[in-house]
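Q: I am new to this structure. Please take one part of it and go through it closely.
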Amino acid sequence: MSNEMKWAKNVRKVTPYVPGEQPKQTNIIKLNTNENPYPPSPKVFDEHGKVNVSGFSLYPDPSASVLVEALAKYHGIGANQVFTGVGSDDVLALAFLTFFNSDTPILFPDITYSFYPVWAEVYRIPYECPPLQEDFTINVNDYKKKNGGVVITNPNAPTSIALGTSQVEEIIAANPEVVVIIDEAYVDFGGESVLPLIDKYDNLLVVRTYSKSRSMAGMRIGYAMGNKRLIQAMTDVKESINSYTMTRESIVLGAASLADEEYFQEKKQMVVATRERTKEELRRRGFEVLDSSANFLFAKPNSVDAGWLFEELKKEKIFVRHFNGERIKDYLRISIGTDQQMDCLLQAIDRIMA
């Protein structure tokens, strides 16, 4: 081995998470990363115009207090029950590092957000993946055995299916000795939040993001809510890695978004209406489409191969998501765009499958 490669034996080797493709070309329809097709609230634009760029020479508030207090007020909880981070990925990664330190495997479904096994591998956390049932729903009983922690995305990705509050609570109640993380990235589009349960269960951590329903994926704002002791534990770990995770801009713009509830509700309902219309149109074309509680559809094109259709749509400059997992390789995950974008998708499918 050459001298310059002797260090390689000490490198931590992992298979990284693969995000949805971010095409460089313009004039495309991008339906592959579950972004919101609408801009943020006008209040965000107004606040952006007031940003003091000269202040960028100073470090941001490490506690992100303006954003934390706005989130606490919005959700009706204490500021000491809120943790913020650079997108929910940062928040979830910190939660894994903070709470999953036993030798007992943590549990999350075999088909879910594919970053979970990556974090588990990076942090050397043992894990098991109870398989979803044949209809892609979670079997609550799979999460009642001894474990080192539980992570559930609700509604789930990429399946779009949501568990009811009573089912999630059953999982939380069955695991009082470990932390249960409920990742609610898509909850605003039709799921039931378990946020009201954080005062009942001190082991519950609810994680949210601005990247979907708040149209601010580019700002990287995520947050967690739970018992104040959970939040303090995460803060202690964060402060041991990087005190200044939130930019000055993301703090004020994140707070501004919360001040426009009417706009938030209006755009959320527009996405849901487009989702339902597109679901029916795809079914009319012979697709098998799961009932979605998220801002995307999980659709199986029964008459053609999903991987082939994925590539053909790319030729039409329409990007959707295709996964190679054995149980889901026959499906496409299609983010919901504007009505016009979804019409273009449907027209392209008609051309391709003619």
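How many of the 11 residues of H7 are buried?

A: Nine of the 11 are buried, so H7 is largely enclosed by the rest of the structure. A few ground rules come before the details. This is a predicted model, where local features need pLDDT of at least 70 and side-chain atom pairs count only at pLDDT 80 or more, while totals for chains, interfaces and linings use all residues. Residues are numbered from 1 along each chain as its sequence is written, and side-chain values use heavy atoms, with hydrogens and water left out.

Helices (H or I, at least four residues) and strands (E, at least two) are DSSP runs, numbered from the N terminus. Buried means under 20% relative accessible area, exposed over 50%, and partly exposed in between (1.4 Å probe, protein chains only).

Now the helix itself. The buried residues of H7 include Glu-249, Ser-250, Ile-251 and Leu-253. Gly-254, Ala-255, Ala-256, Ser-257 and Leu-258 are buried too. Their cover includes helix H1 (42–49), H2 and H8. Contact here means heavy atoms within 4.5 Å.

H8 spans residues 261–284 and holds Met-270. Met-270 is partly exposed, because its relative accessibility is 30%.

A nonpolar core is a set of buried Ala, Val, Leu, Ile, Met, Phe, Trp, Tyr and Cys residues joined through side-chain atoms within 4.5 Å. The largest such core has 46 residues, and Phe-136, Leu-204, Tyr-210 and Met-225 have the most contacts inside it. H7 (248–258) supplies at least two of its residues, as do helix H2 (65–75), helix H5 (165–173) and strands S5 (150–153), S6 (180–183), S7 (204–209) and S8 (222–226). In soluble globular proteins, nonpolar side chains tend to be buried together.

Leaving aside neighbours within four places in sequence, Met-225 touches residues including His-75, Val-82, Leu-195, Leu-204, Ile-231 and Arg-208.

Arg-208 sits in strand S7. Arg-208 is buried because its relative accessible area is 8%. Its side chain makes a polar contact with the side chain of Ser-193, at 2.9 Å. A polar contact is a pair of N or O atoms within 3.5 Å; within protein, one must be able to donate a hydrogen and the other to accept it, and residues adjacent in sequence count only if both atoms are side-chain atoms. Beyond four places in sequence, the contacts of Arg-208 also include Ser-88, Glu-184, Asp-188 and Tyr-223.
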